[in-house]
Amino acid sequence: MAVTPNFVCGIPGNVSSVLFYNSSESSLEDIWTLWTSTENYIVVQLENGEVWELNQCSRSKREVSLDLAYEYKGNKSIFSCSDGFLYDNTKWNSTVVTQWDLVCDREWLAKLIQPTFMLGVLIGAVIFGDIADRLGRQRVIWFTSAGQFVFGIAVAFTFDYYSFVIVRFLLAMVSSGYLVVAFVYVTEFVGIKARTWASMHVHAFFAVGIMVVALVGFLVRTWWVYQIFLSIATLPFVLCCWMLPETPFWLLSEERYEDAQKVINIMARWNKVSTPCKVSELCSVQQDDLVSGGTGDHDTASTKKHNILDLFCNWHIARRTITVWLIWFTGSLGYYVFSLSSVSLGGNEYLNLFLIGAVELPCYIIACIAMDKLGRRNTLIPFLILSALICVLIMFIPQDFSILIILANMAGKFSIGVAFGLIYLYTAELYPTIVRRSVWIFMPLLIVGIMALLSGILTIMLPETLGKPLTNTLAEATEMGRKKKSSSGKTPPAHSGATLEKIEMFGQETVNTEK
């Protein structure tokens with residue numbers, strides 16, 4: 001959408017002939033295939049006999065124009081590009097750069113588009129993650145999915161650069177919020193046995209989305225048409241997402257026991273379970289308390305308002321939070337560095353982007369197998385360290401070896417893709433329900449390499465979550481990973497993950513055996 005094609009200053013009249021080095025053509029469109037550098041200039045002769053030299057950000061009028069020659073040693077008058085710019089339309093019919101002339105002294109506006117979008121991604125994840133904890137997962141999923149369609153279409157009809165950036169910022173917010181909350185939604189609905197594969201399905205379809213973006217970009221070369229096509233793809237889900245129920249985990253954390261029981265009954269019916277579990281039995285709450293909720297000390301503790309400071313409530317949780325944040329930073333930075341830099345690797349940029357998406361599919365399969373066999377932590381550590389090694393390797397590959405650089409980038413995307421995909425699920429399992437959402441060419445690679453190496457080492461301190469139920473309180477999350485002797489013989493509290501594990505099991509047909 002924001003690509004900058006080859007361009008030169010506009011001309012104040014009709015062109016009769018065009019000269020580029022030793023090539024003479026009748027129109028500018030025939031010259032673009034010969035354009036090799038931004039230092040080049042084009043010589044044009046107008047119908048009135050004037051001869052102009054067209055550069056990218058300025059133009060010169062030759063004082064003496066007896067003949068048309070590329071080299072000229074005489075006097076010239078230099079003018080600004082007051083007649084706009086001429087763009088190479090052989091690859092792209094229209095981009096936001098060509099539509100609003102975001103070149104030369106306005107080039108910084110074009111460079112601001114992507115950082116502004118990523119800022120929206122950051123803010124959206126924080127805001128909608130918090131709202132999802134307060135108002136529920138289902139409402140936020142519906143609102144953000146509808147926002148993706150509305151703002152996505154609105155971007156295509158923006159009337160100037162500033163409205164484009166603002167609307168796209170809002171689109172980034174709802175898209176990021178949707179992805180984060182949807183992942184939590186899936187995690188809380190699926191039982192232990194299928195949780196790994198179900199969570200990776202979310203990432204797999206994200207990868208398919210990247211491939212679709214590359215395909216649509218190849219087929220549609222007008223930016224606003226491209227935007228409409230991608231936005232329409234979200235419409236079917238917008239029409240159906242209102243049917244999704246709220247997660248029983250969130251309902252139980254809000255003490256909405258009757259609603260939780262209804263959802264559990266639906267899950268049992270879909271999985272052909274003849275005797276669905278009772279919330280009153282799982283949570284040690286009397287049947288007559290289902291409407292009013294718990295009482296006494298338990299009621300006071302469960303209704304306590306939680307905030308981000310709870311992530312540092314004690315040393316064990318604080319150390320875990322800092323490590324997880326570092327892994328998230330590393331995974332996100334590495335993911336987008338490898339993805340966004342794929343266009344400039346050489347060759348066909350659409351094919352490069354398609355392959356960047358395609359390489360994620362096998363990485364998620366390997367991640368699923370490794371996580372179930374080795375555990376989350378033991379899978380995350382080697383792939384983070386491998387990402388660091390690949391970043392170092394890429395820095396030592398000569399720039400002339402384009403194929404080797406592309407392969408190394410694919411390998412880097414593969415390794416960081418495993419780590420970035422895994423950390424979504426790992427974070428959801430490490431924290432309880434109440435807080436679960438939550439100019440040098442090699443400089444980006446160096447940063448990713450250092451952070452990936454440091455993250456891989458610190459991950460050793462995180463506990464293993466393979467085969468363990470989702471925790472529901474900070475106390476349970478703190479106990480996770482401690483020595484068995486410190487917790488042996490103790491009975492978990494009524495609202496513990498151990499009891500809620502039974503709810504998860506109703507998402508599987510093997511519920512009676514597990515129970």
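Strands β5 and β6 form a hairpin with four residues between them. Helices (H or I, at least four residues) and strands (E, at least two) are DSSP runs, numbered from the N terminus. The model is predicted: local features need pLDDT of at least 70, side-chain atom pairs count only at pLDDT 80 or more, and totals for chains, interfaces and linings use all residues. Residues are numbered from 1 along each chain as its sequence is written, and side-chain values use heavy atoms, with hydrogens and water left out.

Three bridges join β5 to β6 (residues 59-62), and the two strands run antiparallel. Two strands pair if DSSP finds at least two bridges between them. Glutamate 53 stands opposite serine 60 in β6. β5 also pairs with strand β4 (residues 42-46), in the antiparallel sense, over four bridges. There, valine 43 stands opposite glutamate 53. The hairpin of β4 and β5 has four residues between the strands, and glycine 49 takes a positive phi near 95 degrees in it. Strand β5 (residues 51-54) is covered on both faces. Val51 and Glu53 lie on one side, Trp52 and Leu54 on the other, and all are buried. Buried means under 20% relative accessible area, exposed over 50%, and partly exposed in between (1.4 Å probe, protein chains only).

Helix α4 (residues 137-156) has 20 residues, which should span 28 Å at 1.5 Å a residue; its end C-alpha atoms are 29 Å apart, which agrees. The expected span is 1.5 Å times one less than the number of residues. Buried residues of α4 include Arg137, Ile141, Gly147 and Val155. The buried residues of α4 pack against α3 (113-135), α5 (161-189), α7 (223-232), α8 (235-240) and α9 (248-253).

Helices α15 (residues 360-374) and α16 (residues 376-395) pack at an angle of about 130 degrees, with axes 6 Å apart. Axes are lines fitted to C-alpha atoms, for helices over the stretch in contact, and angles run from 0 to 180 degrees between N-to-C directions. α15 and α16 are therefore oblique to each other. Angles under 35 degrees count as roughly parallel, over 145 as roughly antiparallel, 65 to 115 as roughly perpendicular and the rest as oblique. Ile366, Ala370, Met371, Asp372 and Leu374 in α15 meet Arg376, Asn378, Thr379 and Phe383 in α16; contact means heavy atoms within 4.5 Å.

Arginine 195 is found in helix α6 (residues 192-219). Arginine 195 is buried, at a relative accessible area of 2%. Arginine 195 and aspartate 372 are 177 residues apart in sequence and 9.9 Å apart in space, C-alpha to C-alpha.
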